[in-house]
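The entries follow in the order I made them.

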Amino acid sequence: MTDVPEPELPRGIALAWGVAANPQRGPKREMSVERIVEAAVEIADADGLGAVSMAAVAARLGFTPMSLYRYVTAKDDLVLLMQEEATGLPSEEAAGAGGWREQLTALYNEQVQMYLRHPWVLDIPISGSPVTPNSAAWMDAGLRALAETELTYEERLAVVLMVTGTSRWTGTVLAGYARTERERGLRGHDITVQEDALFRALISADGYPELRAAIEAGVFLDDSDPFRFNLERSLDGVAAYIDRVASEGRGPRSPWAKLDDSEIMDDKKFREAQKAVRAAEKALRDARKLERQAARIAHEHRARQRGDS
């Protein structure tokens, strides 16, 4: 096996991991990477990511822009460090929240709150997974929540990405509403009332029958959390998949799995095997249908017994 050379760390990532060389000269004690990042985060929290520049950060700290470049050599590195600072670490409470589902839900909640505290993080373009300590800690926490499940590492990572993606989308929408509340001086309920009124005025039953029916049902005035609903249903799917893998097993991986079966369709034994598979799948579907019917009848019977007692 050929040894892979150790990659040269970009300056921003090296700073995040604390392995970058410190400047040999420049202001002492009054200046540090930590102070620069802290000042930049304060500017972004107050005025958004667009307000952050090396000059603005330097002015906030009372130094010249050139003095900052001795510590952080590019704005991209500064933004990466700002994201790392805003991301923080998952709480110990999330790790002890219960089973894998409760832990992932706790991580989701904490990520959403992070976006609400620092909405400018959502404006940072995604160019890949940030290889920084805090980001790695969140990923590790998600994988640790799934460590005792039947999922492979690839599947665990996919579930973690689902949770982080849902939290980012939730944060995007909620941060947008929070900004509207601040700028227009409205409460969240007032915004939804206005939206409902606009939909009612513009959406007709002739042009958009299903949407109009949803409006009439009060869907835009409903207080339930659609984002939590999405997360819960996604986790339902993960739970069902875990149960299926646990009960059915995975079976050995065939070395022929990726071959094109179209070339052997004229093989009699192969066609017979396919027919047997289809028959078995149909029998399984029929059996599961009978199981559901029996379960429904049993529940109805149990409910009647409770009513009689």
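**Entry 1: exposure terms.** Buried means under 20% relative accessible area, exposed means over 50%, and partly exposed is what lies in between. I also noted that this model is predicted.

I looked up Phe220 first. Its relative accessibility is 26%, so Phe220 counts as partly exposed. I then took Phe199. At 28%, Phe199 is also partly exposed.

**Entry 2: overall make-up.** I checked the fold elements. I found 13 helices and 0 strands in the protein. Read from the N terminus, the order of elements is α-α-α-α-α-α-α-α-α-α-α-α-α. The protein has 309 residues, and 30% of them count as buried.

**Entry 3: aromatic pairs.** How many aromatic pairs does a search of the whole structure find? I got 1. The partners are Phe199 and Phe220, and the pair is stacked. I noted 4.2 Å centre to centre and 5° between the planes.

I wanted the places of both rings. Phe199 belongs to helix H10 (residues 188-202). Phe220 is in the loop between helix H11 (209-216) and helix H12 (226-248). The pair therefore ties together parts that lie 21 residues apart in sequence.

**Entry 4: charges over rings.** I logged two cases. Arg156 lies over the face of Tyr153, 4.7 Å from the ring centre. Arg233 has its charged end over the ring of Phe229, at 5.0 Å from the centre.

**Entry 5: Asp196.** I went back to helix H10, where Asp196 is found. Is Asp196 buried or exposed? The relative accessible area is 6%, which is under the 20% limit, so Asp196 is buried. I then looked for a side-chain partner. The side chain of Asp196 makes a polar contact with the side chain of Arg200, at 2.7 Å.

**Entry 6: largest pocket.** I turned to open space. The largest pocket holds about 830 Å³. I counted 28 lining residues, and the closest to the centre are Gln83, Gly128, Ser129, Pro130 and Ser135. Two or more lining residues come from each of helix H5 (75-87), helix H7 (100-117), helix H8 (133-145) and helix H9 (153-184). H9 gives the most, with 7 residues. By type, I noted 16 nonpolar, 10 polar and 2 charged residues in this lining.

**Entry 7: second largest pocket.** The space is about 700 Å³. The lining has 25 residues, and Thr192, Asp222, Ser224, Pro226 and Phe227 lie nearest the centre. The elements that give two or more residues are H7, H9, H10, H11 and H12. Which element gives the largest share of this lining? I found H9, with 5 residues. The lining divides into 12 nonpolar, 7 polar and 6 charged residues.

**Entry 8: Gly165.** I ended in H9, where Gly165 has its place. Gly165 has a relative accessible area of 38%, which falls between the 20% and 50% limits, so Gly165 is partly exposed. I also took one C-alpha distance. Gly165 and Tyr108 are 57 residues apart along the chain, and their C-alpha atoms are separated by 9.4 Å.

Key:
Residues are numbered from 1 along each chain as its sequence is written. This is a predicted model: local features need pLDDT of at least 70, side-chain atom pairs count only at pLDDT 80 or more; totals for chains, interfaces and linings use all residues. Side-chain values use heavy atoms; hydrogens and water are left out. Rings of Phe, Tyr and Trp (its six-membered ring) pair if their centres lie within 6.5 Å; planes under 30 degrees apart count as stacked, over 60 as edge-to-face and the rest as tilted. Helices (H or I, at least four residues) and strands (E, at least two) are DSSP runs, numbered from the N terminus. Buried means under 20% relative accessible area, exposed over 50%, partly exposed in between (1.4 Å probe, protein chains only). A charge sits over a ring if NZ of Lys or CZ of Arg is within 6 Å of the ring centre and within 35 degrees of the ring normal. On a 1 Å grid over the protein atoms alone, a cavity is a set of points where a 1.4 Å probe fits but cannot get out, and a pocket is an open set with protein on both sides within 12 Å along at least five of seven lines; lining residues have an atom within 4 Å of a point. Grid points are joined across faces, edges and corners, and a volume is the space filled by probe spheres set on the points. Ala, Val, Leu, Ile, Met, Phe, Trp, Tyr, Cys and Pro count as nonpolar, Asp, Glu, Lys and Arg as charged, and the others, Gly among them, as polar. A polar contact is a pair of N or O atoms within 3.5 Å; within protein, one must be able to donate a hydrogen and the other to accept it, and residues adjacent in sequence count only if both atoms are side-chain atoms.
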